[in-house]
Amino acid sequence: MNDMSLTNLQAGTTMISAAAIEALAGRLRGRVLMPTDAAYDEARTIWNAMIDRRPGLIVQCAGPADVVNAVRFAAENQLLVAMRGGGHNIAGNAVCDGGLMIDLTPMKSVRVDQTTKRAWVEPGATLADVDKETQAFRLVLPTGINSTTGIAGLTLGGGFGWTTRKFGLTVDNLLSVDVVTANGELVRASPTEHRDLFWALRGGGGNFGVVTAFEFALHELGPEVVAGLVVHPFADAPSVLKQYRQALETAPDELTCWAVMRQAPPLPFLPAEWHGKEILLLAICYCGDPEAGEKPTAELRSIGEPIADVVGPIPFVGWQQAFDPLLTPGARNYWKSHDFTELSDETIGVLTDAVRQLPGPECEIFIGHVGGAAGRVAVEETAFPQRSSHFVMNVHARWRDPAMDRTCIDWARRLFEAAKPYAAGTAYINFMPEDEIDRVEAAYGSNYRRLVEVKRRYDPLNLFRMNQNVRPIEERGAA
């Protein structure tokens, strides 16, 4: 803190004295940032540029003791709490107005034990941090598809990506967590310790505490996989998607293929005349022996008459970063998402109609291909319930000019409503924007009531509510 910060501070509706803030800073290995500090704006800036909030205090934590002190300070002063890991969440819950932001980004340690095939990861690590450490030993943790995403938020919401069909969700590979609960206590949650809390943290989001360490099981993979893009003219999209759907019916767990529809970016392997035109991309990854991956990918690669086919052996770390250039921070983003048990003809029609009305060059629709190992886990085994879904749709509206806010958001909402009759009714909480509070109960389905009970036990006053919130109430509408 600089000298200007040592004045009384109003955080939300609570007046906090300079002496109290200075005492907090003295207990930390990390640091406290105030709005007058030079590093404050950088610390509060997150991936989605639509989110512009100003916390009263930011505590940049160097370790678990700092988190304990920050949580206790927030509880004692009745402050709204936000937790920042990677800051990538679409809803922007990593940062709050007027309260206390617990910034975990300095805690980035990743430790791998290649003998036991385990990793211990701190909450400030990104997927890139995890991939680089694990792949050094030809091991992998199933995570997402954008390497700048934070491991903490991804894990707590479920976590799926290229290796999910083979190795399960990120939460399916979670062995234990260290977590600071709402009373400021650091506990270990695992299958044998605080078992209900461990169950809830595997998909229940940030509702139950601040995780300071994750222990994961790892799997053998790499350093190369067979992966890449097959690019089709958008005019062929209805036919290609129907053949894509059919090919995936017999796909082995090692094979994952996502479909992306958007205007073509200036990719070096695409002819220049296609740049800026609507295309359909099939993003293929075979997470097994590269030599064995040629045959399983052949059926997908033989569909239609593609513009380009750049599928082949590639370092897994490189493939994990392939979509990063399209998802850089600084743009305005709004998402809408559905789960599907099948990709019906009607669904394909809705999606292709929407692509013909794209409001901007960075807007896209992608269909994530899941199932496999993740689909063979019982619904009640983890808080994450969407085990029957085979496809996850994300309508990704992305733009730069604030004047385009209404146009882009309305496009995403219209597509969401049009696709609703064909959807499973559940939702992936990591894809839910801040205006979808009403979908939380449906997203968890039959697991919601148990989540409420765990919330009542570990956070009865709802200190941790900057999330897709599970309220600690007996029944809907209760106080």
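Reader: At what angle do helix α8 and helix α11 pack, and how far apart are their axes?

Author: In this predicted model, whose residues are numbered from 1 along each chain as its sequence is written, local features need pLDDT of at least 70, side-chain atom pairs count only at pLDDT 80 or more, and totals for chains, interfaces and linings use all residues. Side-chain values use heavy atoms, with hydrogens and water left out. Helix α8 (residues 237-248) and helix α11 (residues 345-355) pack at about 140°, and their axes lie 10 Å apart. The axes are lines fitted to C-alpha atoms, for helices over the stretch in contact, and the angle runs from 0 to 180 degrees between N-to-C directions. The helices themselves are DSSP runs (H or I, at least four residues; strands are E, at least two), numbered from the N terminus.

Reader: Why is α8 called oblique to α11?

Author: The classes are roughly parallel under 35 degrees, roughly antiparallel over 145, roughly perpendicular from 65 to 115, and oblique for the rest. An angle of about 140° falls in that remainder, and α8 is therefore oblique to α11.

Reader: What makes the pairing of α11 with α12 roughly antiparallel?

Author: Helix α11 and helix α12 (residues 405-419) pack at about 165°, with axes 9 Å apart, and on the scale given above the two are therefore roughly antiparallel. The crossing of α11 and α12 is right-handed. Here V350, L351 and A354 of α11 meet W411, L415, A418 and A419 of α12, a contact of seven nonpolar residues with no polar and no charged ones.

Reader: How many cavities of 30 Å³ or more are there, and by what rule?

Author: The count comes to two cavities of 30 Å³ or more. On a 1 Å grid over the protein atoms alone, a cavity is a set of points where a 1.4 Å probe fits but cannot get out, while a pocket is an open set with protein on both sides within 12 Å along at least five of seven lines, and lining residues have an atom within 4 Å of a point. Points are joined across faces, edges and corners, and a volume is the space filled by probe spheres set on them.

Reader: What volume does the largest cavity have, and which element gives the most to its lining?

Author: The largest cavity has a volume of about 870 Å³, and among its 50 lining residues H88, N89, G153, L154 and N430 are the closest to its centre. Helix α5 gives the most to this lining, with four residues, and the lining as a whole divides into 27 nonpolar, 21 polar and two charged.

Reader: How do the residues lining the second largest cavity divide?

Author: Seven are nonpolar, three polar and two charged; the residues that line this cavity include F160, D339, R387 and Y428. About 100 Å³ of space lies in the second largest cavity.

Reader: What is the volume of the second largest pocket?

Author: The second largest pocket has a volume of about 250 Å³, and of its 16 lining residues L229, L267, F269, A322 and F323 lie nearest its centre.

Notes:
Nonpolar A, V, L, I, M, F, W, Y, C, P; charged D, E, K, R; others polar. Left-handed = near helix turned anticlockwise from the far one by under 90°. Contact = heavy atoms within 4.5 Å.
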